[in-house]
Amino acid sequence: MKSLTEKRPRPITDWDALYRQGTPPWDGGAPHGELVRALKEHPFPKGASVLELGCGTGSDAIYLAQRRFEVTAVDCSPIALERARLRAEYHDALLRFVLDDVFEFAPTCGQFDVVYDCGFYHYIRMTKLGPYLDMLWHLTRPGSWFFCLAGRTGERATGGPPQVSEDEIRLELGRLFEFVHLRRTALESPIRPQGFRAWSCLMRRPVPAR
Ligand SMILES: C[S@@+](CC[C@H](N)C(=O)[O-])C[C@H]1O[C@@H](n2cnc3c(N)ncnc32)[C@H](O)[C@@H]1O
């Protein structure tokens, strides 16, 4: 019998090449509307430490830094990070960008109040779900938040993100965190005015009862 992993498509790994070609389909050049909305509904404590996994060209990380969070944003693509640094300079935003593979960076960077992931989980789960969940455990502590935006099943248009079902999200991320919300949203894209179907998944690591 084939395992689930065998059936899944291989993710694209040459991220730098995709950025070099121009603006990739996930890069709307502005903070994601769903991030803005979720922050209004659940304002994290002032000065909270936030780690963004796979920050791309930095729009969301900069938005978070402008809201006075202490932001660390990691990406493995030198081109994406160069664009992110220029964007941060333009907006006069103060945050820390790290050029690294998140799996290399995570073991030494400590724990965060909030871990944010837009568009990384839905790729990495296809080949490295176990290491990804181990990493999230390592990066959070009881009470930490995890906020994830990921492609949603049922999208027919081509060129969008990998798609994840509700059951998969509940099974995979629900192993570590409690759901605060799991709702339907869209991810903005320069190639599709209405964006692509997505999940907004806000979660919290349980605090053990005393
Ligand atoms: C779909 S893009 C999303 C970028 C950004 N979050 C956004 O929404 O515009 C995924 C990002 O993850 C980065 N990435 C992929 N694998 C990575 C890894 N192992 N470590 C760090 N960054 C990674 C890619 O370079 C890319 O910028």
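Colleague: What covers the buried residues of helix α7?

Modeller: The cover includes β1 (49-53), β4 (114-118), β5 and α8 (166-173). These names come from DSSP runs numbered from the N terminus: helices are H or I runs of at least four residues, strands are E runs of at least two. This is a predicted model, in which local features need pLDDT of at least 70 and side-chain atom pairs count only at pLDDT 80 or more, while totals for chains, interfaces and linings use all residues. Residues are numbered from 1 along each chain as its sequence is written.

Colleague: Which residues of α7 are called buried?

Modeller: They are Y121, H122, I124, R125, Y132, L136 and L139. The label needs 20 or more other C-beta atoms, placed from the backbone, within 10 Å of the residue's own; 12 or fewer makes a residue exposed, and anything in between partly exposed.

Colleague: Where does α7 bend?

Modeller: The bend is at K128 and is about 115°. That is the angle between axes fitted to the seven residues ending there and the seven starting there. A proline, P131, follows within four residues.

Colleague: What does V115 touch?

Modeller: Leaving out residues up to four places away in sequence, V115 touches L51, L53, L136, L139, T140, S144 and F146. Contact means that two C-beta atoms, placed from the backbone, lie within 7 Å. V115 and A61 have the most contacts inside the largest nonpolar core, which has 50 residues. Such a core is a set of buried Ala, Val, Leu, Ile, Met, Phe, Trp, Tyr and Cys residues joined through C-beta atoms within 7 Å. Strand β5 (residues 145-151) gives the most to this core, with 6 residues.

Colleague: Why does R68 count as exposed?

Modeller: R68 counts as exposed because there are 11 C-beta neighbours inside 10 Å. R68 lies in the loop between α4 (59-66) and β2, and its phi is near 70°, a positive value in a residue other than glycine. Most residues other than glycine have a negative phi.

Colleague: Why is D92 called exposed?

Modeller: D92 has 9 other C-beta atoms within 10 Å, so the label is exposed. D92 is in the loop between α5 (78-90) and β3 (96-99), and also has a positive phi, about 55°.

Colleague: How many residues surround the ligand?

Modeller: There are 17, and the closest are W15, G54, G56, C76 and G119. A residue counts as near if its C-beta atom, placed from the backbone, lies within 6 Å of the molecule. The elements giving two or more residues to this shell are β2 (70-75) and α6 (102-105).
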